Amino acid sequence: MTFLFHTGRYFLFLKKVFDKPVKLNIFFKQIIDEIDDLGVGSLGIVAIISVFIGAVITLQTAYNIELPIIPKYTVGVAARDTILLEFSSTIVSLILAGKVGSHIASEIGTMRVTEQIDALDVMGINSASYLVLPKVVAMVFINPFLVMISMGIGIFGGWAAGAFTGVVPSAEYIYGIQYAFIPFYIVYSLIKSVVFGFLIATISGYWGYYTTGGSLEVGRCSTRAVVVSSIQILLFNLILTQLLLA
Amino acid sequence: MIEVKNVYKSFDGVEVLKNVSARFEPGKVNLIIGRSGSGKTVLLKSIVGLHEVDKGEIIYDGRSFTNMSEKDRKQIRKEIGMLFQGSALFDSKTVEENVRFPLDVFSDLSVAEKKERTNFCLKRVNLENANNLYPSELSGGMQKRVAIARAISLNPKYLFCDEPNSGLDPKTAIVIDELIYEITKEYNMTTIINTHDMNSVMGIGEKIIFISEGQKVWEGSNNEILISDNKQLNDFIYASKFLKQVREGFLKKGI
């Protein structure tokens, strides 16, 4: 019952969110602010995680290839495909669900319990649209860029780890990342990043918007936003993979 | 004028408002008083549309707020200013941005005109040098004054205040009360204040409605409240030992 209740209310919430903004100049300014806050503010953590995961994927693949007949450039192929297909879109989005999702839910939840949302409603402003729509647009717009940056940094991290440890020669790795390259993998990853960006912003916005009580509930809603967003990302990852790669 | 006609409101089967009817007059400070949990905040929030009533009607100057579309309600909401219990200022905005916010959203004024209006509102609440401060840098009384400045920025016809004195010292509370009273007279607004502060009741309560357990029990002015023989009202007013002794003293002397 609870699941059905939240699912129904979530779709009604989306209907409220996708309303015409009160004033376009205010809306565009909000989007720029959100891109800066949610997207640019996440660059650091995306870069750090990508470089290390890229390095670890390369080293683990290299250490697990025991047969001498398997060429070294296979490490580059494996690192590239892992990063493009799964790591940069899904894992980075899961990390963003934690960072950005909790930020959105706690910000909106605090506004709810301190009556700031009531103040917007009394003024005749659609508070759901005013607060959440710029975040949705910003996340849908910026998430693909974060994913592309993560791809570049992850592949670079793999190259650096292979080259500096001597496990994979630089030339072999570079050949590997170009070998049998399928450009659609990037498109697939970007499609996923758009969907995941939407899920993170709307689910976190939903939990924040319907917070009741005080600071304890804000914390609970923030946790719920992260958990539900993460589960939905995993579910939609499965669905999109079947739809796009089958 | 705002009229409340036979309003009922319940939450999860618990009736909070039971057949409440009242009239709030323009150019007057109207007070809703009652104990904590008596339903006065629910009544105030129902009047401004934050809660939908189960039965009954809310009427703004002949316009039925209860039965109108959301689009028409938006028009009335532009005529409303509201002061919340915790001020409800936007944390991420400065004092100036908070006061300018309704103008940014609803007016077509130029940047200079909005700046002028914002400064006028801040001057009206005696906060001329706080433009660039954030709400977290203000005292409780200053936050209330900024909230009043924001509430009057669009020249509202109706002003609602939910416990405007909560958390304030008695002196600051009187300053806020006097400010609300003066603004009500200046703009000829219909002001409704939700309070259980007896200083406010005696100081600015031109029309008072006493709510107990979700029902209107008494109605009158601050002059009539002291001589009322309504037991529930007297239990509320004279809850403090000091006031009780003062009343008994007056009664003994036949005043």
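Q: Axes are lines fitted to C-alpha atoms, for helices over the stretch in contact, and angles run from 0 to 180 degrees between N-to-C directions. With that in hand, what makes helix 1 of chain A and helix 6 of chain A roughly perpendicular to each other?

A: This is a predicted model, in which local features need pLDDT of at least 70 and side-chain atom pairs count only at pLDDT 80 or more, while totals for chains, interfaces and linings use all residues. Residues are numbered from 1 along each chain as its sequence is written, and chains are lettered from A and ligands numbered from 1 in the order in which they are written. Now to the helices: the axes of helix 1 (residues 2–17) and helix 6 (residues 127–165) of chain A cross at roughly 90° and come within 8 Å. Angles of 65 to 115 degrees count as roughly perpendicular (under 35 is roughly parallel, over 145 roughly antiparallel, and the rest oblique). The pair is therefore called roughly perpendicular.

Q: Which residues make the contact between these two helices of chain A?

A: Helix 1 brings Phe13(A), Lys16(A) and Val17(A), and helix 6 brings Ala128(A), Ser129(A), Val132(A), Leu133(A) and Val136(A). Being in contact has a cut-off: the C-beta atoms, placed from the backbone, lie within 7 Å.

Q: How are the residues of this contact divided into nonpolar, polar and charged?

A: There are 6 nonpolar, 1 polar and 1 charged. Ala, Val, Leu, Ile, Met, Phe, Trp, Tyr, Cys and Pro count as nonpolar, Asp, Glu, Lys and Arg as charged, and the others, Gly among them, as polar.

Q: Which spans of chain A are called "transmembrane region", and where does the name come from?

A: An unreviewed UniProt entry lists residues 38–63, 148–168, 180–207 and 227–245 of chain A under that name. UniProt positions are given in the numbering used here, feature names are shortened, and annotations may be inferred rather than shown by experiment. In the model, residues 38–63 are 88% helix and 0% strand, with end C-alpha atoms 37 Å apart. Residues 148–168 are 86% helix and 0% strand, and their ends lie 24 Å apart.

Q: How do you know that chain A touches chain B, and what gives the most on the chain A side?

A: The contact joins 13 residues of chain A with 14 residues of chain B. Helix 5 (residues 116–122) of chain A gives the most to its side, with 5 residues. That side holds 6 nonpolar, 3 polar and 4 charged residues.

Q: Why is chain B described as having domain 1 and domain 2?

A: The bounds come from an automatic or database domain assignment. Domain 1 covers 1–79 + 160–221 and domain 2 covers 85–155. Their C-alpha centres lie 23 Å apart. The contact takes 14 residues from domain 1 and 11 residues from domain 2. On the domain 1 side, helix 6 (residues 170–187) of chain B gives the largest share, 7 residues.

Q: Why are strand 2 and strand 5 of chain B called edge strands?

A: Strand 2 (14–24) and strand 5 (63–64) each pair on one side only. They belong to an open sheet of 4 strands in the order 2-1-4-5, with antiparallel pairing. Two strands pair if DSSP finds at least two bridges between them. Strand 4 (residues 55–60) and strand 5 of chain B are joined by 2 bridges, and Ile59(B) stands opposite Ser64(B).

Q: What makes strand 1 and strand 2 of chain B a hairpin?

A: Strand 1 (residues 2–11) and strand 2 of chain B pair in the antiparallel sense over 7 bridges, and 2 residues lie between them. Asp12(B), in the turn, has a positive phi of about 50°. Across the pair, Val4(B) stands opposite Ala22(B).

Q: What is the strand order of the open sheet of 6 strands in chain B?

A: The order is 6-7-8-3-9-10, with mixed pairing. Strand 6 (80–83) and strand 10 (215–220) are the edge strands. Strand 9 (residues 207–212) pairs with strand 10 in the antiparallel sense over 5 bridges, and Ile211(B) stands opposite Lys216(B).
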